[in-house]
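Biologist: I am new to this one. Can we go through it in short questions and answers?

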Amino acid sequence: MERTITPANFAAIADTALVLDVRRKEDREASHEMVEWSFWKDPERIDEWMSAVPRIHDVVIYCVRGGGVSNSVVDRLQADGVKARFIEGGLEGWKASGGKVAAKPAPKA
C-alpha cells in the first residue's frame, strides 16, 4: 500500500476520507489552523485510539510537514490493516498547494 498522497490527490478524496490530524499536542496547540473536517488524535496515545479507526475507508493523516510523526503513525495504522496514507508535506504542503484550512475550534471551557 502506498504511504503518501499528494495534496492534489488528497483534494480529490478529501470529502470522503477520514482525515486525522496527528500533530504532536504542542504543535497543534501552537497553531490556529487545521485541515477542514479533520479530527485530532494524539500520536503519543495511538494505542488507545487506533482500534477505533475504520478499516474499510480511506484514512488520510497529516502532521506539520509530513515527516517523522506521519511516518510512524502511518506505519502503525497500515500494520493494523488501516488503509492509511499521509499528505506529502503535511499541513504546510497542503496549504502551499492551495488546500483549504479551517480555524481550529477554541478549547472547551
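Biologist: Take the contacts between residues at least 6 apart in sequence. What share of them join residues at least 24 apart?
Modeller: This is a predicted model, and the contacts come from its atoms. A contact here means heavy atoms within 4.5 Å. Among contacts in the protein chain between residues at least 6 apart, the share joining residues at least 24 apart is 72%.

Biologist: Which pattern of helices and strands does the protein chain follow along the sequence?
Modeller: The protein chain holds five helices and seven strands. Read along the sequence, their pattern is β-α-β-α-β-β-α-β-α-β-α-β.

Biologist: What is the radius of gyration of the protein chain, and how does that compare with the globule rule?
Modeller: For 109 residues the globule rule gives 13 Å, and the protein chain comes close to that, so it is as compact as a globular protein of that length. Its C-alpha atoms fill a box of roughly 35 × 30 × 25 Å along the principal axes. The radius of gyration is 13 Å.

Biologist: What is the order of the strands in the open sheet of five strands?
Modeller: Start from strand E5, residues 58–62. E5 pairs with strand E2 (residues 18–21) in the parallel sense over four bridges. Four bridges also join E5 to strand E6 (residues 83–87), again parallel. With E1 and E4 included, the order is E1-E6-E5-E2-E4.

Biologist: Which strands stand at the edges of that sheet?
Modeller: Look for strands with a single partner. One side of each is left without a neighbour in the sheet, because each has a single partner strand. E4, for instance, is joined to E2 by two bridges. The edge strands are E1 (4–5) and E4 (39–40).

Biologist: How many of the five residues of E5 are buried?
Modeller: In the protein chain, buried residues make up 40% of the 109 residues. Within E5, Val60 stands opposite Arg85 in E6, and Ile61 stands opposite Leu20. E5 is mostly covered, and its buried residues number four.

Biologist: Asp21: is it buried or exposed?
Modeller: Asp21 is found in strand E2 and stands opposite Trp40 in E4. Beyond its neighbours within four places in sequence, its contacts include Arg28, Met34, Ser38 and Tyr62. The cut-off for buried is under 20% relative accessible area. Asp21 has 1%, so it is buried.

Biologist: Trp37: is it buried or exposed?
Modeller: Trp37 lies in the loop between strand E3 (33–35) and E4. Exposed means over 50% relative accessible area. Trp37 has 71%, so it counts as exposed.

Biologist: What is the phi of Trp37?
Modeller: Most residues other than glycine have a negative phi. Trp37 is not a glycine, yet its phi is positive, at about 65°.

Biologist: What distance separates the C-alpha atoms of Glu29 and Asp42?
Modeller: Glu29 is found in helix H2, residues 25–30. Its relative accessible area is 53%, so it is exposed. Glu29 and Asp42 are 13 residues apart along the chain, and their C-alpha atoms are separated by 12 Å.

Biologist: How far apart are the centres of the positive and negative side chains?
Modeller: The protein chain has 16 positive and 17 negative side chains. The centres of the two sets lie apart by 2 Å.

Biologist: What percentage of the accessible surface belongs to carbon and sulfur atoms?
Modeller: The accessible surface of the protein chain comes to about 6300 Å². The part belonging to carbon and sulfur atoms is 52%.

Note on methods
Residues are numbered from 1 along each chain as its sequence is written. This is a predicted model: local features need pLDDT of at least 70, side-chain atom pairs count only at pLDDT 80 or more; totals for chains, interfaces and linings use all residues. Side-chain values use heavy atoms; hydrogens and water are left out. The radius of gyration is taken over C-alpha atoms; the globule rule is 2.2 Å times the number of residues to the power 0.38. Buried means under 20% relative accessible area, exposed over 50%, partly exposed in between (1.4 Å probe, protein chains only). Accessible areas come from the Shrake-Rupley method with a 1.4 Å probe; for residues, only the protein chains shown count as cover. Lys and Arg count as positive and Asp and Glu as negative; His and the chain ends are not counted. The place of a charge is taken as NZ of Lys, CZ of Arg, CG of Asp or CD of Glu. Two strands pair if DSSP finds at least two bridges between them.
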